[in-house]
Amino acid sequence: MSVTAPAGFEAAGVAVGLKSSGEPDVAMVVNRGPLKVGAAVFTSNRAKANPIMWSEQVIQDGVVEAIILNSGGANCFTGSFGFQTTHQTAEKVATELGVSAGDVLVCSTGLIGTGDELFRSRVLEGVSQSAASLSVDGGVQASEAIMTTDSKAKRSVVTRDGWSIGGMAKGAGMLAPGLATMLVVITTDAVLDASQADAHLRDATRVSFDRLDSDGCMSTNDQVTLMVSGASGVTPSATDFGAALAEVCLDLSRQLQGDAEGASHDITIEVVNAESEQDAVEVGRSVARNNLFKAAIFGNDANWGRVLAAIGTTDAAFDPYDVDVWMNGVRVCTAGGPDRPREDVDLTPRATHLAIDLKVGSSTATILTNDLTHDYVHENSAYSS
């Protein structure tokens with residue numbers, strides 16, 4: 001049931017005509033308490049959509065009653081009119097639910113520049129319809145309503161002894177790190193205060209969503225939200241809750257990676273024996289964003305030279321002539337030179353594993369990416385919400 005699996009939450013997903021397909025396009029998730037705790041992380045893109053600017057203010061006090069999300073239009077670069085639309089949306093949610101607009105988060109996704117009078121009227125209608133459709137079984141419908149170019153909804157649930165975490169995500173393109181990399185709503189019925197929720201969310205996103213770098217393009221609308229109802233009455237240990245939250249975030253990240261626009265390979269880049277975690281991330285990211293490497297994987301070519309060329313552009317500590325590279329379990333490069341023939345590597349499976357041993361320390365990091373395909377170019381040349 002996604003976000004309604006934990007106790008204390010209701011959700012809905014409705015269709016109001018924002019999408020030309022007629023599919024559901026407005027979702028609402030409501031926290032019925034007893035706690036109304038919220039935390040969120042946002043895109044670090046300086047070009048921010050109106051809902052991001054609104055939600056950044058709402059989250060400051062750590063109180064969230066509800067979140068309203070629409071697909072079919074980003075409401076970004078739509079000027080003061082667009083910000084007024086976001087404000088009116090929150091006010092409409094507040095009126096429908098009997099809460100404060102200052103405790104309502106707003107999210108939008110879709111084509112940048114979309115947000116005219118018709119968009120506003122349909123979003124506001126979506127608020128009314130979703131509020132009337134709220135249900136403890138509404139998590140599935142909500143997860144479907146936030147989809148854009150996604151081919152399937154992304155949902156995840158983890159259950160522990162007396163408490164649980166549920167989540168939904170959307171994203172198939174513009175997946176690059178900036179604290180958050182897509183629209184994600186996570187709910188829990190565990191007992192946490194605002195500072196704990198914020199710390200746990202940042203720890204989890206650091207090793208999950210922030211490590212998903214499908215195409216290097218950072219969105220203007222990215223937001224990951226954690227809502228805490230406390231309805232289970234159970235206070236888990238920090239270790240237990242952190243591990244469960246990371247599990248949900250990693251699961252959703254993998255689902256996002258697997259649905260990346262046009263991709264034919266899901267590439268896991270594991271950097272080991274780096275001097276620091278920062279170095280490991282930088283090295284992994286340099287390969288994930290290298291179009292020559294990504295094109296080689298699309299062609300099932302184990303071109304390890306493109307890996308070394310990519311990591312050589314970083315400031316990380318390592319000797320380029322003392323690096324080992326594995327592709328799908330075959331060491332193709334050792335000490336910066338050829339090892340096994342590239343033809344020994346089978347790159348036909350969708351799941352692709354690249355390991356890079358820097359041999360200078362004990363830190364590690366894993367980056368998730370995809371190959372660069374003809375279909376990716378086609379989808380993004382023809383995309384319209």
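Contact means heavy atoms within 4.5 Å. This is a predicted model, in which local features need pLDDT of at least 70, side-chain atom pairs count only at pLDDT 80 or more, and totals for chains, interfaces and linings use all residues. Residues are numbered from 1 along each chain as its sequence is written, and side-chain values use heavy atoms, with hydrogens and water left out.

**Exercise 1.** Place Thr78 in the chain and list its contacts beyond four places in sequence.

Solution.
- Location: Thr78 sits in the loop that runs between strand β4 (66-70) and helix α2 (79-97). Helices (H or I, at least four residues) and strands (E, at least two) are DSSP runs, numbered from the N terminus.
- Contacts: with neighbours within four places in sequence set aside, Thr78 touches Asn50, Gly113, Thr114 and Gly115.
- Side chains: those of Asn50 and Thr78 form a polar contact of 2.9 Å. Such a contact is a pair of N or O atoms within 3.5 Å; within protein, one must be able to donate a hydrogen and the other to accept it, and residues adjacent in sequence count only if both atoms are side-chain atoms.

**Exercise 2.** Decide whether Thr78 is buried or exposed.

Solution.
- Cut-offs: buried is under 20% relative accessible area, exposed over 50%, partly exposed in between (1.4 Å probe, protein chains only).
- Result: the relative accessibility of Thr78 is 16%, so Thr78 counts as buried.
- Chain: 56% of the 385 residues count as buried.

**Exercise 3.** State how far apart in sequence the contacting residues of the chain lie.

Solution.
- Among contacts between residues at least 6 apart in sequence, 80% join residues at least 24 apart.
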